[in-house]
Amino acid sequence: MQTLQLLISGVAQGMIYALVAFGYNITFATSKTLNFSLGNFLMLGGVVGFVLYMTWGWPFFGALAAVVLVGSVGGAVLLKVAVEPSLKQRSAYGWILATLAVGIVLRNAAEVFWSTDDFKFRSPLGDSPWRFFGERQADGSMSGGLGVYPQEVLIILVSLAIVAAVELFKRRTVFGKAVVAVSEDKDTASLMGINQRFVILFSFMLSTSIACVGGVLVAPVTLVSATMGTVLGVKAYSASIIGGLESGFGAVVGGLFLGVSESLTARFVSTGYKDVPGFVVLVLLLLFKPSGLFGKAAVRKV
Amino acid sequence: MSALVPSGKQRASLVGRLLPLLLVLPLLLPRVVDNSYYVGMLSRIVVYAMLVASLDLVVGYIGDVSIGHAGLFAIGAYTVAVLTASPALNTDAYSTIQHWPQLPFLVALVPAVAFAAFAGFLLGFPALRSSGPYLAVITIVYGLIIYTFINEQEGLTNGTKGITLTPLHLGGLKLSGINYLYVVYPMLLLVLFIVHNVTHSFWGRAFEAIKYSAVAAECCGISRSYFKVSAFVLSAALAGLAGGFFAQLDSYVAPNTFAYSFSVEFLIALIFGGVRSVAGNVVGAALVVVLPDLFSGFADYRLMVYGSVLLVMLYFVPEGVVGLVRRGWARLRPHDNAAEHARLERASAGLDVLASPHATSAEAALKLEGLEMKFGGLVAVRGLDLEVPRGAVRGLIGPNGSGKSTTVNVLTGLYTPTHGRQYSFGRDLAPLKTYQRARAGIARTFQNLQLFADLTVLENVMVGLHPSFRASLFEVAFRFPRARREEAEARVRAYALLRFVGLEQAAFDKARNLAYGQARHLEIARALALSPKLLLLDEPAAGLTSGEIQTINGLIVRIKATGVSILLIEHHMDMVMAICDDVSVLDFGKKIAEGTPRRIQEDPVVVEAYLGTHKTSSVVA
């Protein structure tokens with residue numbers, strides 16, 4: 001029972017990684033850059049959601065809509081300020097530093113204009129666990145058995161829905177196919193009349209909005225703070241690499257693997273070492289599959 | 001070139017000679033400024049500069065982004081801390097410090113460097129397999145694993161509490177505080193001296209060659225695995241050394257220093273300062289130490305200002321501070337290469353660049369027997385028998401997709417054939433890797449140009465001379481006479497090769513700035529630098545104008561005259577007709593005809609392969 005409970009928490013955590021990993025994939029596909037501030041966009045989503053929902057008392061969906069808006073505007077700004085200049089200059093590392101810099105600014109801004117403390121974010125579904133297979137107490141409440149936090153269920157469902165929606169969008173709509181075309185071959189896509197600049201802009205906005213939604217989703221499970229995104233961003237990056245940067249399905253597999261290995265290690269080995277097994281597997285995996293589980297192997301052409 | 005040397009130049013060279021004296025200045029600082037805060041900052045810059053220089057080896061020269069150098073740095077710092085700390089200062093019950101020997105600081109640096117180097121060695125293997133964002137994540141994870149370890153292994157590292165060290169002293173002389181500068185500063189100069197020497201030698205060129213085109217580097221006789229792993233080991237050793245010195249900076253180490261953000265900060269420092277420059281490394285280190293201090297007036301906003309400054313600088317100065325200074329300097333006084341041209345011209349006069357290969361054996365320069373190359377279900381080459389007699393030029397022609405380039409790739413060891421045997425001068429090539437084949441005297445050019453874009457034209461040829469260097473890494477690092485002599489000789493030889501192909505005027509231009517036709521000539525010069533016995537030319541005239549084709553034609557004739565055996569892949573029939581002794585024709589991976597150029601040109605099977613079944617013309621082109 002307890003292991004099952006751990007698995008569910010692990011899967012929920014893993015879906016958050018998967019969601020942000022998915023965000024990395026989207027911009028990598030269209031622009032071949034990684035947005036290293038994505039973890040901090042997750043934090044931005046968490047903080048904005050907290051302020052609107054908890055502090056100002058907005059309805060949950062209103063707050064969520066505002067978070068999506070903030071995320072997409074943020075993505076557009078990031079692209080214009082940090083990524084486009086270095087793409088134009090064809091600098092090999094510019095975008096790495098620029099996106100890192102945006103991350104630093106975001107985090108510090110949250111600390112200055114909001115708070116340096118940790119806050120509890122109330123789940124819209126309530127914070128007491130749903131109990132299954134437990135014993136009913138005299139007062140009607142349940143105890144023992146399998147306890148599942150409603151927020152964990154929400155995380156899993158919403159994340160899956162987002163991933164599925166984006167994948168469907170890519171496969172079934174004309175604009176989605178344009179995104180795929182740009183990620184396959186920019187120049188040919190341009191020749192086919194696709195506005196690649198717009199596709200890239202769209203992919204950045206989509207990517208950061210997804211990360212921001214991830215922040216609202218994860219906040220009730222962890223806590224809201226200005227630093228909540230730093231480690232999470234790195235883990236999600238690892239997840240997308242495990243799965244292979246080009247693969248949406250891979251992001252989910254990578255995220256789930258990291259989330260579950262983390263929660264099992266924390267329980268059965270030690271909390272301090274919870275990240276290590278996942279990381280070691282990542283290094284070993286890449287030794288045998290240099291571009292991740294489902295990534296495309298680069299073909300050497302001379 | 002005027003005979004009259006301007007006096008301004010003399011003065012400039014005198015200043016240049018005296019410039020190194022300025023390097024002593026920082027040592028005076030503790031005497032002049034009696035402010036332990038500022039002197040301490042300088043010591044910190046010095047230690048960090050070593051780390052930035054180590055990062056530069058991997059990021060700037062090999063081209064792999066590492067966001068895990070904090071881990072390697074931590075290994076050095078903790079090795080020194082554990083092996084030198086006194087139990088009296090670390091009295092927690094769980095601490096195992098008392099069980100470790102208490103070594104002198106300098107002795108403890110040895111295992112610090114060794115452990116870090118070993119960690120770098122381990123990191124080198126994933127680096128051989130993955131690249132770009134994949135490798136970057138490996139470095140991050142590598143750093144995080146080390147970070148977790150030092151946090152959690154409380155017995156060894158005291159966990160979050162950290163290890164307190166006894167401040168350094170030599171007899172009665174205090175070497176901590178402001179005096180620590182006397183320890184670290186000379187060390188930094190030594191480290192930068194070594195890094196500069198190594199990176200400005202055939203080692204550094206090998207690193208950069210691998211960065212721009214690993215395939216071309218291998219075809220120049222450079223072992224990618226050896227040099228890439230070496231770069232990681234060297235870089236890690238330096239990071240470990242820097243870590244060792246860091247341990248005594250505050251005489252205290254704690255895990256929090258070595259977090260992920262530390263690696264990020266140093267990547268920023270490196271690119272801020274400017275990659276591939278020891279001056280840039282120092283500037284970058286200074287920036288990460290000084291900038292936050294400058295913004296301390298902004299208190300809480302400090303990091304926001306820092307991040308914004310970063311963004312603005314990236315926008316305006318993408319190549320870093322040193323790049324900006326260089327650009328400004330070049331505008332102020334354009335670099336005058338005339339003197340160097342004249343010197344190389346004189347030194348290389350009469351140099352015989354293509355010594356005719358001695359008659360080592362009577363065997364054919366190249367012999368293929370039943371060569372077959374399959375990619376999945378596709379058979380690119382089937383049952384190919386081919387011979388290039390010694391000193392002869394054999395043409396290999398065929399329509400696009402007929403397996404010509406695949407054959408060359410098999411011959412240079414880039415592909416392992418499914419079947420068949422390959423011999424060069426009677427030697428079985430099968431067990432030889434790409435770089436070993438290059439060293440065995442098989443050189444090639446590439447149909448799709450594979451030049452080392454940011455190296456100069458001269459340096460591109462010098463990469464081809466790589467196998468001729470004998471100096472050890474140690475000799476290179478300390479500029480021993482042999483290393484200097486070899487470098488000077490290689491420059492002259494490379495220049496002579498450039499003159500042979502007619503590119504000497506462009507010797508100091510970047511390869512990326514060459515015109516297309518010139519780039520094709522450079523490919524040939526680089527291949528000739530290997531002193532090949534067998535030269536594989538993969539469509540050397542592709543995309544050239546008819547005038548340029550004439551020049552290449554003449555060049556190949558001159559190469560042939562020195563006795564080099566050549567396999568020429570080409571589409572231009574007039575060229576094939578003029579140069580080749582014999583021609584083989586491929587179609588769909590099969591040899592369909594062979595003979596003298598004239599016979600081939602009239603062979604109906606060949607005409608059909610090129611033009612289809614209607615036999616309309618006798619011209620094949």
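How much area do chain B and chain A bury between them?

1. Chain B and chain A bury about 4100 Å² between them, 76% of it on carbon and sulfur atoms. Buried area is the accessible area (1.4 Å probe) that two parts lose on being put together, summed over both. The contact (heavy atoms within 4.5 Å) takes 47 residues from chain B and 44 residues from chain A.

2. The model is predicted: local features need pLDDT of at least 70, side-chain atom pairs count only at pLDDT 80 or more, and totals for chains, interfaces and linings use all residues. Residues are numbered from 1 along each chain as its sequence is written, chains are lettered from A in the order in which they are written, and side-chain values use heavy atoms, without hydrogens and water.

3. Zero salt bridges are counted between chain B and chain A; the term requires a side-chain nitrogen of Lys or Arg within 4 Å of a carboxyl oxygen of Asp or Glu.

4. On the side of chain B that touches chain A, H6(B) supplies the largest share, twelve residues. Helices are DSSP runs (H or I) of at least four residues, numbered from the N terminus.

5. The structure holds 40 aromatic pairs over all chains. Rings of Phe, Tyr and Trp (its six-membered ring) pair if their centres lie within 6.5 Å; planes under 30 degrees apart count as stacked, over 60 as edge-to-face and the rest as tilted. The rings of A:Tyr24 and A:Tyr237 have centres 5.6 Å apart and planes at 45 degrees, so this pair is tilted. Both A:Tyr24 and A:Tyr237 are buried, that is, under 20% relative accessible area (1.4 Å probe, protein chains only), with exposed over 50% and partly exposed in between.

Notes. Helix = DSSP H or I, 4+ residues; strand = E, 2+ residues; numbered from the N terminus.
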